[in-house]
Amino acid sequence: MLRMSLALAHTVQPISKFLLYWHFAASTFQFVITGKLRLNNGDLPKSGHQIPADFCGVGVAASSDPAYPAYLIAQLKTLNVKQVRLDFTYGDFETATGKLLTALMAEKLNIWLHLVQPSKAASRMELTSEQASWASFVEQVVSIYGDKVSVIEIGSTINRVRWAGYRLAGFFAAWRIAHSIIKTKNITPNIILAGPNITDFEPIYNIGFLSLMAKYQVLPDIHTDNLFAERSTEPERYDHKIAGRKLANCLRYNLIKKSHLLQKIAQQYQLKTASPSAFWTLPRIERVLPNAEQKQADYLTRYLVLTAASGLASAYWGPLICHREGLIDEGDFEYPRLERITHYASVRGESANYQLRPAFCALKTFQQFVPNSQYCGRLNSSQHLEIHAFQQPDFVVHIAWAINGNVAKLNDCYTAECLGNVSVYSQDGQDKKTQLITESPIYLVFKQAVSIKKTADVIPKLVINKNINQQYFWLEDANWQGMILADNQQNAELLFANLHPSKLEIPNKAVALRHARNAIWTVASPLNEAVKIVVKKPVRMHWHKQVMDKNKPSKARRSWNGACELLRRGIETAKPIGFIEAKENSLFDNYYFCEFVAGDLSVRDVFSAFAKGDFSSFSKETVFVPLVDFVQEMHNKGVFFRDLSGGNVLINKAEMTFSLIDTARIYAYHYPLTMADRLSDLSRLCNKLNPDQRNEFMRLYCKKIGRNFGVMQKIPFIIYDTKVAIKRQFRTFRRALRT
């Protein structure tokens, strides 16, 4: 009762809701209308600032497992992370969370204590009784822990009402109470107050709340925003959710520019900005890409490098231990109803069963090279390649990566002299012998500052699939060049030598698998004569195609790119082995190599049989349902095949799985296809079916994506059918003329 009566002294006089909302809106409008959102070259990092030694931290939570605290502390020591963020709410003083906090304080860790008010209580903060409960909680926290923690943060995803429960007046009351207690306690005169914990990039909230805090003289010491880049997929990508995909490249709001704008807003009040929690969830990555754990590691390194380059005071990864987004996998438990970005309440399972993920090693390596360094700047300007330099007392480290499946050669970026004096490490901290820069960042360590070539860039219009247990080798001679996929350099050189155009001869039509616009045939693998390699070379092309394709990548390179884009997304296709093309005039002088796929039959064979009423081998349901799933997955992962004829979809009869061939026309995006592109693909796929069967197939497909197959959706099919009929008539007419 005494504590509650003392807490009543910290309840606040209500402020008119109208005044609060008016000031919030007016300050935001003034910021926008005066052009303060404008940032010249804001998407580019500025050099010269110091990266704090405590730049990076992780979020932690308690567990009922008795062995857990010792396990957690051991993992923090392995990471060399001394900054932890712990969520703390009503009733946690005597729970596992309170015990964990005591254990963390005993280790002398820098603790960022995040006070989380329960959602129901947050929604009632305009009531005096609820204010008193909150004041009592904050006062007890400050009395017990205030001199033992580094930072106390107030606010939790306050711009998400359905998560946090706060509305403007309620949160501002909670903030004023906490500010009054934290900033007037004599026992903790130097305590650091952080807030208001806005989540994602919604700067109107940062502008409005900081303006209100300044007006009522309750500013924090650190301005916090959970600066996610997850919705953009890759950390470097311009955010399409601000004004749409068409304007994304004009506005250029990438992670750097977002960080710069948030810092600009905070700097009006002489505040530093920190991101106390952000992460990539594995399900979000898996929407487009397989091998999500490895991509999470890639994104973690790239995110931390970019936030460090942007000048943020600190950047924390969200849950250290969690099945969905943690650096350590706790096991496959049901995700809690309340998002962990709002309240990371607990860890489940037994610590003996936890599994370290690649992202754990990636953070460990980052901690080794970046904190307590000086940022020297981004060294290149290419859109698809990033090279950032950091100066440590005894060495300079360049962190380099390509984005979106691109690849660069190290000798295109550095001189031979530089590469002769460099140590290269992968993001898991291992020595790495490589000639390429890929999506997975590498650390290049030099004894002194070095420059890169002005022409440093990715290999033009070339994609690789990094998620494979082999290496890529770029090989060339006086007249030919190409990429080879192999286990090692020796095997790559053997493949290049034996598949060299000088040793290949196009077989006649009787022997070739196909001999029309392209010649397709098989040869024995130089590495294993029992293995067949498919060779594809263009031999004939209409004059207008020669004009249109003159400035495009060679057909072999396009086939390679298409196959790699499919495999990057987990879509089955014949595994690419390599391509070789002429350095000059490669329109016809190019060869694509892939593994031979012994498909039992194609979708064209099956659909042609269905159209004739032959269901002896398969029922429609046996084929339609898995094929719809296969095509829908491809489209949802951003692949517009553009030549999805039934003959290009092979069927494995035993498992009823599908594989794609003839990949040269593929367009690949990092977002799901539009309905128009989906229908363009499907009109080709369904051409052999009769109208009723086609309608049945398309109704299944459209149901999967929540659409109807109506009159408008049938138009692309009518157009394609007409086009095919005209081409058939034209061929018949040409044959008649010849006879």
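**Exercise 1. Aromatic cluster**

List the residues that ring pairs link into a cluster.

*Solution.* Start with the criterion: rings of Phe, Tyr and Trp (its six-membered ring) pair if their centres lie within 6.5 Å. Ring pairs then join Phe 24, Tyr 166, Phe 171, Trp 175, Tyr 205 and Phe 209 into a cluster. Next, note the basis: this is a predicted model, in which local features need pLDDT of at least 70 and side-chain atom pairs count only at pLDDT 80 or more, while totals for chains, interfaces and linings use all residues. Residues are numbered from 1 along each chain as its sequence is written, and side-chain values use heavy atoms, with hydrogens and water left out.

**Exercise 2. One ring pair in detail**

Classify the pair of Tyr 472 and Trp 560.

*Solution.* The structure holds 40 aromatic pairs. For Tyr 472 and Trp 560, the centres are 5.9 Å apart and the planes make 85°. Now apply the angle classes: under 30 degrees is stacked, over 60 is edge-to-face, and the rest are tilted. The pair is edge-to-face. Then locate the partners, using DSSP runs numbered from the N terminus (helices: H or I, at least four residues; strands: E, at least two). Tyr 472 sits in strand β18 (residues 471–476) and Trp 560 in helix α19 (residues 555–568), 88 residues apart. Last, check accessibility: buried means under 20% relative accessible area, exposed over 50%, partly exposed in between (1.4 Å probe, protein chains only). Tyr 472 is buried at 9%. Trp 560 is buried at 0%.

**Exercise 3. Salt bridges across the sequence**

*Solution.* Take the rule: a side-chain nitrogen of Lys or Arg within 4 Å of a carboxyl oxygen of Asp or Glu. It gives 39 salt bridges. Asp 662 and Lys 536 meet at 2.9 Å, N to O. Asp 662 is partly exposed at 23%, whereas Lys 536 is buried at 10%.

Repeat for Lys 704 and Asp 629, which meet at 3.0 Å, N to O. Lys 704 belongs to helix α23 (residues 691–704) and Asp 629 to helix α21 (residues 620–636), so this bridge joins parts 75 residues apart in sequence. Lys 704 is partly exposed at 44%. Asp 629 is partly exposed at 32%.

**Exercise 4. Charges over rings**

Which ring lies under the charged end of Arg 245?

*Solution.* The test needs NZ of Lys or CZ of Arg within 6 Å of the ring centre and within 35 degrees of the ring normal. Arg 245 sits over Tyr 671, 3.7 Å from the ring centre. Arg 642 lies over the face of Tyr 667, at 4.1 Å from the ring centre.

**Exercise 5. Backbone exceptions**

Locate the cis peptide bond and two residues with positive phi.

*Solution.* Recall the background: most residues other than glycine have a negative phi, and most peptide bonds are trans. The bond from Gly 195 to Pro 196 is cis, with omega near 5°. Pro 196 lies in strand β5. Thr 157 has a positive phi of about 45°. Thr 157 is in the loop between β4 and α7 and is buried at 0%. Asn 291 has a positive phi of about 50°. Asn 291 is in the loop between α12 (282–286) and α13 (292–310) and is partly exposed at 40%.
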